[in-house]
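Please consult the sequence and the structure shown here while reading.

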Amino acid sequence: MKDKRLYLAVAACAAVVHIGALWNQFALDDRLIVVFNPMVQSISGVWGAFAAPYWPANLGGVVYRPLPIASYALDWQLQSAAWFHAVNLLWHAGAAVAVTALARRWASATAALAAGLIFAVHPVHVEVIASVVGRADLMATLATCLAVYAALMLDSIAWSAAFLVLGILSKESAAATPALIGLGWALGLTRPSRRRMLSFVASWVAIALPYLLLRWTVLHPYEGFPNLAPQFAGQGPLAIRFTAVAAFADVVRLLLVPLHLQADYSPMERLAVTSPLAQGFLLGLLCLCAWVALTILAWRRGRRVEAYGLGWIGIAYLPVSNLVVPHGVLVAERLLYLPSVGLALAAGAALDRLPRRALAMALFVLVAAGAVRSAVRVPVWRDNRTATLAMIVDAPLSYRSWDYLGWEYLWTGHDQRALASFRRAGSIYPGDARIHLAAAHMAYALGRTALADSLLVRTDSVCPRCPMAYRNQASAARLRGDTAAAEFLLHHIQPAPR
């Protein structure tokens, strides 16, 4: 009964702190993945999602996450943004309880409470909880925790495999599950026989092969679409890794001192690092070395839970760190939801070693500070306009902040302001053809044909005759009623007469 009260307290805290999300609407990527996605707007999307990419085809068709899309299609039937957010609250509360359960099996009830509450209120989670599309991370993290629990606590191959399947069909980050289980074995949190370990490995192979085949079948038609962070454009393999290492400073800051949060870390907020002597690289390397040293120290002193938690952070973050495979995002707060499970486990076990009064005081301060920061941050995702204006304040040097502001002006009919915002985004980072294309659309709508032509020339210099980008912008023009602008854009991609 005591443990049940413990779990209820953690779940209640996770929900109450983020309860403001129930008043949020759809913002930023919510609109692209949910509101404007035909797959979501039909009940057939529940099963159709398994044969389609996560991002709509006209936006590149990258990544395969059918379960979130299927859940959105179910939620859409209720026609309520509040319901979407209520479901996200439930997923987060479930993940917080799962973290508590993991800690409880390896440590005291006090350590489990500390771990659960720290995870429940951590401010870096707000982006995932308060935006609808954060559900992919919520689902994948809960499934990962349950798969690890089933393997290390219950020694159940079937349940662990089932949760692993749910995880990887929610988001690719759940593929770290086998390594997290292996770390538990290596640290002696549980010691199955070698034959039993091989049975687990066989189950992972049996899952991986059909999953990879299915993923390849669905995504193969979209392989040519670029999916690389803007900082990596034109950079060699070493520069990409230098930049990835420099990003560790942000990871440490966001996990330990998440005072400043922002929805985007695009140029010029974060730049490519091309030298191992650069200050950013050296700071990131220092953070990496400190993490390795702490992990080794915890392991050598027999603090297995702390060592496991620290190891969890590294294993969970590695696939999205850009060190192994570069991808479309350099830094994002949503990418730290799964790694922060390890932080909560390590912090809970470490706090449990303090005297009771000192522990109570430290936990109260951490939870209160985290709860206040999270609760204040939740309304930032209230709607598209609120989120966009917050991006300008939080990340004024990011070209995407001005890009989003331009689109907000575009949809509200403020063409002159939209043009100015798009041109400012293009001046910050000229390497995204879509920015110049959107500016050309606005210039043409304002009757500035010469400027529109020059912007299209700039578009083609970045991405010569990119038909999909032109068609997407033309579709936006039609939705706005700018038929002439749509025809102007589409005519530009027609093949020139011989």
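A polar contact is a pair of N or O atoms within 3.5 Å; within protein, one of them must be able to donate a hydrogen and the other to accept it. The model discussed here is predicted.

**Aspartate 352**

Such a polar contact, of 2.8 Å, links the side chain of aspartate 352 to that of serine 108. Aspartate 352 is located in the loop between helix H16 (339–351) and helix H17 (356–377). Beyond its neighbours within four places in sequence, aspartate 352 touches Ser108, Thr110, Ala111 and Leu359.

**Proline 66**

Proline 66 belongs to helix H4 (residues 66–76). Its relative accessible area is 0%, so proline 66 is buried. When neighbours within four places in sequence are set aside, its contacts are Ala49, Phe50 and Leu169.

The table gives C-alpha separations for one pair involving each of these residues.

| Pair | Separation in sequence | C-alpha distance |
|---|---|---|
| Aspartate 352 and leucine 363 | 11 residues | 10.0 Å |
| Proline 66 and alanine 12 | 54 residues | 29 Å |

**Helices H8 and H9**

Helix H8 (residues 135–152) packs with helix H9 (residues 157–168) at an angle of about 165 degrees, and their axes are 8 Å apart. Because of this angle, H8 is roughly antiparallel to H9. Their crossing is left-handed. H8 contributes Ala140, Ala143, Leu146, Ala147, Ala150 and Ala151 to the contact, while H9 contributes Trp159, Ser160, Phe163, Leu164, Leu166 and Gly167. Of the residues in the contact of H8 with H9, 10 are nonpolar, two are polar and none is charged.

Notes. Residues are numbered from 1 along each chain as its sequence is written. This is a predicted model: local features need pLDDT of at least 70, side-chain atom pairs count only at pLDDT 80 or more; totals for chains, interfaces and linings use all residues. Side-chain values use heavy atoms; hydrogens and water are left out. Axes are lines fitted to C-alpha atoms, for helices over the stretch in contact, and angles run from 0 to 180 degrees between N-to-C directions. Helices (H or I, at least four residues) and strands (E, at least two) are DSSP runs, numbered from the N terminus. Angles under 35 degrees count as roughly parallel, over 145 as roughly antiparallel, 65 to 115 as roughly perpendicular and the rest as oblique. A crossing is left-handed if the near helix is turned anticlockwise from the far one by less than a right angle, and right-handed if clockwise. Contact means heavy atoms within 4.5 Å. Ala, Val, Leu, Ile, Met, Phe, Trp, Tyr, Cys and Pro count as nonpolar, Asp, Glu, Lys and Arg as charged, and the others, Gly among them, as polar. Buried means under 20% relative accessible area, exposed over 50%, partly exposed in between (1.4 Å probe, protein chains only).
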